[in-house]
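This briefing goes through one chain by topic, from its overall layout to single residues. Please keep the sequence and the structure in view while reading.

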Amino acid sequence: MRDLAAAIRALLGVEARRNTRVRLGGNVFDVVITGAGLQARRAVAVMDQVQGRCGPVIEDPESGWLYWLVPPGTSSRWAPHPHAVCLGAPHTLTLPPLNRNAPPGPYWLRPSASDRLVPAGPLRDALDRFRPEPAPHAALEAVLGITG
């Protein structure tokens, strides 16, 4: 119950137009991190077709990353990928307010919807096809001490 309460408080913070830090994993979501360049935009377009409108995806223009919110547990099944890293618990992610859909700062490239996450299988296929750069591995290793 404590985890559920923390998740609800975090999501209410996002809805209340505050940046809100959430713990990945559990029953909420994991995150796939990729570069945010032209190849990533092509992957977003493919995922728009797959889902009827891709989502949710956060873009951070300062870091040059896209954060694809995927189903919880994805990180435990995600095989190493040359153009993406998948993280779950115990890592955290700061979500921008739900009404932020443009810079400055991180924003919702594809808005969060309560009924959907980005499906990991089709996302992986799109990333294999378009190979978004720069790959996040070295930057994440430097910041978090993790690889792959």
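Which pattern of helices and strands does the chain follow when read along the sequence? In this predicted model, the chain follows the pattern α-β-β-α-β-β-α-β-β-β-α-α, which is made up of 5 helices and 7 strands. Of the 148 residues, 44% count as buried, and among contacts between residues at least 6 apart in sequence, 81% join residues at least 24 apart.

**Backbone geometry in the loops**

- The peptide bond that joins G55 and P56 is cis, with an omega of about -10 degrees, and P56 belongs to the loop between α2 (38-51) and β3 (57-60).
- A cis peptide bond also runs from E133 to P134, where omega is near -5 degrees; P134 sits in the loop between α4 (120-130) and α5 (137-144).

**Cysteines**

- The count of disulfides comes to 0, a disulfide being a pair of cysteine sulfur atoms within 2.5 Å.
- C54 has a relative accessibility of 2% and therefore counts as buried, and C86 is likewise classed as buried because its relative accessibility is 10%.

**The second largest pocket**

- The second largest pocket holds about 380 Å³ of space, and its lining draws two or more residues from each of β2 (30-35), β3, β4 (65-70), β6 (92-95) and α5.
- Its lining comprises 22 residues, and those that lie nearest the pocket centre are R21, Y67, T92, L93 and T94.
- By residue class, the lining of the second largest pocket divides into 15 nonpolar, 4 polar and 3 charged residues.

- Y67 is part of strand β4, and it counts as buried because its relative accessible area is 15%, where the cut-off for buried is under 20%.
- Leaving aside neighbours within four places in sequence, Y67 is in contact with V31, V32, I33, P56, V57, I58, D60 and L93; among these partners, P56 is the proline of the cis bond with G55, and L93 is, with Y67, among the residues nearest the centre of the second largest pocket.
- Y67 and A84 are 17 residues apart along the chain, and their C-alpha atoms are separated by 9.9 Å.

**T74 at helix α3**

- T74 lies in helix α3, which covers residues 74-77, and with a relative accessibility of 3% this threonine counts as buried.
- The T74 side chain reaches the backbone oxygen of P71 at a distance of 2.6 Å.
- Once its neighbours within four places in sequence are set aside, T74 is in contact with D30, C86 and A120; of these, C86 is itself buried, at 10% relative accessibility.

- Where does N27 lie, and is it buried or exposed? N27 is found in the loop between β1 (20-23) and β2, and it counts as exposed because its relative accessibility is 78%, the cut-off for exposed being over 50%.
- N27 and P71 are 44 residues apart in sequence, while the distance from C-alpha to C-alpha is 8.4 Å; P71 is also the residue whose backbone oxygen the side chain of T74 reaches.
- L87 lies in strand β5, residues 85-87, and is buried, with a relative accessible area of 8%.
- The C-alpha atoms of L87 and L24 are separated by 7.4 Å, although these two residues are 63 places apart along the chain.
- G64 lies in the loop between β3 and β4, and its contacts, leaving aside neighbours within four places in sequence, are with T34, G35 and A36.
- The C-alpha atom of G64 is separated by 9.9 Å from that of P106, a residue 42 places away along the chain.

Methods: Residues are numbered from 1 along each chain as its sequence is written. This is a predicted model: local features need pLDDT of at least 70, side-chain atom pairs count only at pLDDT 80 or more; totals for chains, interfaces and linings use all residues. Side-chain values use heavy atoms; hydrogens and water are left out. Buried means under 20% relative accessible area, exposed over 50%, partly exposed in between (1.4 Å probe, protein chains only). Helices (H or I, at least four residues) and strands (E, at least two) are DSSP runs, numbered from the N terminus. On a 1 Å grid over the protein atoms alone, a cavity is a set of points where a 1.4 Å probe fits but cannot get out, and a pocket is an open set with protein on both sides within 12 Å along at least five of seven lines; lining residues have an atom within 4 Å of a point. Grid points are joined across faces, edges and corners, and a volume is the space filled by probe spheres set on the points. Ala, Val, Leu, Ile, Met, Phe, Trp, Tyr, Cys and Pro count as nonpolar, Asp, Glu, Lys and Arg as charged, and the others, Gly among them, as polar. A polar contact is a pair of N or O atoms within 3.5 Å; within protein, one must be able to donate a hydrogen and the other to accept it, and residues adjacent in sequence count only if both atoms are side-chain atoms. Contact means heavy atoms within 4.5 Å.
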